[in-house]
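The sequence and the structure are shown below.

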Amino acid sequence: MTMKIQEINKTDLVDSTYKIQVATFYIDNKLFGIPIEDVLEINRNVDMTPVPLAPPYIEGVINLRGQIVTAINLRKRIGMHERGSSSVEESNKQYNNIIIGTRSNCVSLLVDEIGDVLEISSDDIEPPPDTIKGLDPKYVKNVCKLKGELLVVLDSAKVQSEE
Amino acid sequence: MADTGKNDNLEDEILQEFLIESRENIDKLDLLFVQLEDNPTDKEILSSIFRIIHTLKGTSGFFDFKNLEGISHFAEDILSKMRDGLFVANTEIVSTILEAIDHIKIILNNLETKKTEGDEDHLDIILKLKNISDSYTRKATQQKESQEEEKEEPVSKPIAQPVLEEKEEEKPKETPKVTPKMKEEESASQQKSYEKTLAETISNAPHTVTETNIRVDTSLLDNLMNLAGELVLSRNRIVQIASRLDNADLNNASQSMSLITTELQEKIMKTRMQPIGNVFNKFPRVVRDLAKAAGKEIDLSLDGTETELDKTILEAIKDPLTHIVRNSVDHGIELPEVRLSKGKKETGSLNLRAYHQGGQVIIEISDDGAGIDPIKIRQKAIEKGLLSPEKANSLSDRDAIALIFKPGFSTAEKVTNISGRGVGMDVVKTNIEKLGGVVDVQSEVDKGTVLRIKIPLTLAIIPALVVHSCGEKFAIPQVNLVELVRVNSDEAESQIEKVGEAEFYRLRGEILPLVRLEEVLQLKRKNNDKTYGINIIVLSGVGRQFGLIVDGIVDTEEIVVKPLSKHMKNIHFFAGATILGDGRVALILDVVNLAASVKLKAEEAEEFAHIDEMHVEETRGELQSLLLFNVAENEQFAVPLALVSRLEKISIKDIEIAGGKEVIRYRGASMPIIRLENFLGISSPPYSEEAYIIVFELNNQNIGFYVSKIIDTVEVNVVIDKETFDRNGLLGSSIIQEKVTLLLDVYAIIEMFDPTWFTRKRKSSIKEKKSRSYRILLVDDSQFWRAMEQSYLEAQGYNVVVAENGEEGLEKLLSGHYDLVIVDLDMPVMDGFEMTRKIRANDKVKHLPLLAVTALTDDEDKKRAYDAGVDNYVLKLDKGLMLESIEVLLERYKSQKQ
């Protein structure tokens, strides 16, 4: 069923809810997610080689079993500002890698903590608000109200693109 | 055919094979026909062509491709007759068959894309072929008949040539029927010898049947290449771990595995190598057609066709090469009439040459055509708005010619349908750079042009030098590596010379521009790890060498080049990345782009390398006295000692501000101080309590230069380079006492500081200059002195024209109007004495005041000079006296005229 999320109406006679699975993670203690079908694998801390003169959101490149994969600092990418961390702390920071994309064309997203894979009902999915405090909204696919917190699901295509 | 899928696939496969083979054969035909045109009776070429067309005919019959079969049939007919010697190939015949081949190409294309022969009408080409065959056969038959009629009378005379079949023949291999006019025995023996020759020809023909080749899908080879690459990476890891563990058995095993891996990788690389002839061979046809269309005569020669390249590179250079060749035909080689009028042969030469050199393939395309005119290029660039006029005029000829590679550039006056608009050179350059190669052009107007393409041989696995800087490792392809230089810490910083922002190092007398890796990559230095000594990696980019300063060298390693993702496509300094033996990623430096940044950053130091190559003047034993000094620590400057009035040591508290300018008290008056760094693009002096002032007395006022250190006074043969440092305030530069020294133009600097300095009227013993500018001819072979004297003569308001030797001087003198001549006494070609005599002997100019100058006093000389006819004789060094002399002589001359 390919109904637009906005059009889901609980009073419809036909049951049109569906579930999506989202791999979740934390950046700055905020919960984010990427649809599970975009995720290839998750790796713990991997040796990073910085790339001089690269755009600021590129943390560097990593060796993924012989393949050279670009590592994107997700915090910087989606526009979240650093809070109180100096550059020394930054360089010592350990990240987790979420590899997204296809085998032949993938990137690694650097996140703070890895969360669980959550199953979200389409009922709970809402279109992203026009502004989300502290984020560049173009990277946001949709948001989801969970008990106690807001899950921001990111658009993996936008995150990966070179713009 | 609505058969089972399996059958379809089989037929498909066979069709594919047919298409591949046919294409190869058609390509061969293009080449063979052009060769045939030059050697119309060559039996081997004819046989080869015949065989190919015959095969094509047969196979197309098998597939039931009627059009293809038809064209091949009639083409084969012509071929068989030519092969049998009935008539000889000429331009008309070859052009027609080439046209037929073009039709065949269209059909093959259709077969590939649509699986059918297509709808085009081929009837007219078939008719053409048939007509040619018929008409030439008829002519040949008539000729033979008339020949034989002549020979009929003397029956006893044996007919020498073996007479061939006159009727049309379908099958070429049968023995020819013999005419009854020949005598039996002779005919029999002749027939035997003919059969023998035929048999020999067939057996000598190169076998194309079962050869030791196998067709392999290129994607399979690509896979093999990748696997080889992975194997190399694994091997690197094992070697590194083995060396750490230091186990003898393990080391042995890893050593042998290492050797095998290297060889395996090399051989796999070789499977993809093909001779560049495969690409070159297209060009005879292309050039022939283009030349004919343009009405030009061009002789194409190919060298090094056996040079091997990776198939992907071969594919990629096809288009760039074609474009360059087309340009050469279209814009390079001139029309025959034009060539004759330039004194060249009517036929232009175009040469394609390929060879291996140092891990690269070099492809040169050269012609002896019109060349590229830097003037026209500059103009075009200005018109197109690519450059400002000043920038364009400041470019050297070589750089101006290189403008053709700029996007948006085209020198074609109108669109020609031969080479399009000629806009492709920037595309050519981009495509070649995509392969990791470089292209450059050399040209001389009316002589010709040479385009040189250099491409690295292997793309995937290369030997590299691993270096480190600021804690990060980088790989440098060994193909760019020239040598390693280590400078120990004591000498280190002093051995690196600075000119403005640029640094360089003297390596065995040659200037090497330097670039610091940490600077160009903006690396952050952690932990204040100071390195001791300096490591310079000497690299060669596009011909010019430069030195890369790194913290240290790690190792050499064979690395697999892996591309960086599109996120980093704008970072030109990296050619890719690799995984080192320790598992970490290292970025691979793009040496060509590093070299380019060196040029931008250190343009002056770059061109400095040319000082040694440039033609420099001999000073013929003339010594000049100079004062050497520093402003910033490592930069050396000089002024002519003759101008210096005095040296004063001061402390900075002596400097006062008066009227917005810095002054010091000097001999009871305030003397302005010039800080040279304010007027020349040089670095400031280090802070110090004390400094020196070089005092000049000019136009009867004192003025001083603020410098940090007086080095010495020297008497040296000065060789001035006026081109490298062409800035206001400089006379030029030179190497003095092993150091690059900038020679200051004192007058110009003072004028920059105070434009009114020389024009202010002051009390002086020297009379004020007249309102009319006097014209002085200054003849001196020394560049240094010409520059010097011209500068202060012009400061005095005189109009100065210079000449380099007596002969030139005389020429200029007779063709112009002058008020006074200054002659240097010792000059080549025609020395000052002789010139003086000649001047005095020439009615037109003998009355002119003549001042002789020289660097060395000699009473003998003095006498000779006066004998020759000079009016006065002074030392060059004595500027004051010289100026006074000039004044006096001019006055006298003026009053004499009145």
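## The contact between the chains

In this predicted model, 24 residues of chain A and 23 residues of chain B make up the contact. Chain B and chain A bury about 1800 Å² between them, and 66% of that area comes from carbon and sulfur atoms.

What does the interface hold in the way of salt bridges and polar contacts? Polar contact between chain B and chain A is counted for 3 residue pairs, with both residues at pLDDT 80 or more.

## The side of chain B that touches chain A

Three strands of chain B each supply at least two residues to the side that touches chain A: E9 (472-477), E17 (574-579) and E18 (585-589). Which of the elements gives the most to this side of chain B? The answer is E17(B), with 4 residues.

Sorted by class, the residues on the side of chain B that touches chain A are 13 nonpolar, 5 polar and 5 charged.

## Two packed helices in chain B

Two packed helices are described by the angle between their axes and the distance between the axes. For helix H10 (residues 283-294) and helix H11 (residues 311-332) of chain B, the angle is about 30° and the axes are 10 Å apart. The crossing of H10(B) and H11(B) is right-handed.

On H10(B), the contact is made by B:Phe283, B:Val287, B:Leu290 and B:Ala291. On H11(B), B:Leu321, B:Thr322, B:Val325, B:Arg326 and B:Val329 take part. By class, the residues of this contact of H10(B) with H11(B) are 7 nonpolar, 1 polar and 1 charged.

## Salt bridges

Over all chains, a search of the whole structure finds 50 salt bridges. One salt bridge is formed by B:Asp27 and B:Lys282, whose closest N and O atoms are 2.9 Å apart.

Where in chain B do B:Asp27 and B:Lys282 lie? B:Asp27 is in helix H1 (residues 5-38), while B:Lys282 is in the loop between helix H9 (277-280) and H10. The pair links distant parts of the chain, 255 residues apart.

How values were computed:
Residues numbered from 1 in each chain as written. Chains lettered and ligands numbered in written order. Predicted model: local features only at pLDDT ≥ 70, side-chain atom pairs only at ≥ 80, totals over all residues. Heavy atoms only, no water. Contact = heavy atoms within 4.5 Å. Buried area = accessible area lost by both parts, 1.4 Å probe. Polar contact = N/O pair within 3.5 Å; in protein donor to acceptor, adjacent residues only side chain to side chain. Nonpolar A, V, L, I, M, F, W, Y, C, P; charged D, E, K, R; others polar. Axes fitted to C-alpha atoms, helices over the stretch in contact; angles between N-to-C directions. Left-handed = near helix turned anticlockwise from the far one by under 90°. Salt bridge = Lys/Arg side-chain N within 4 Å of Asp/Glu carboxyl O.
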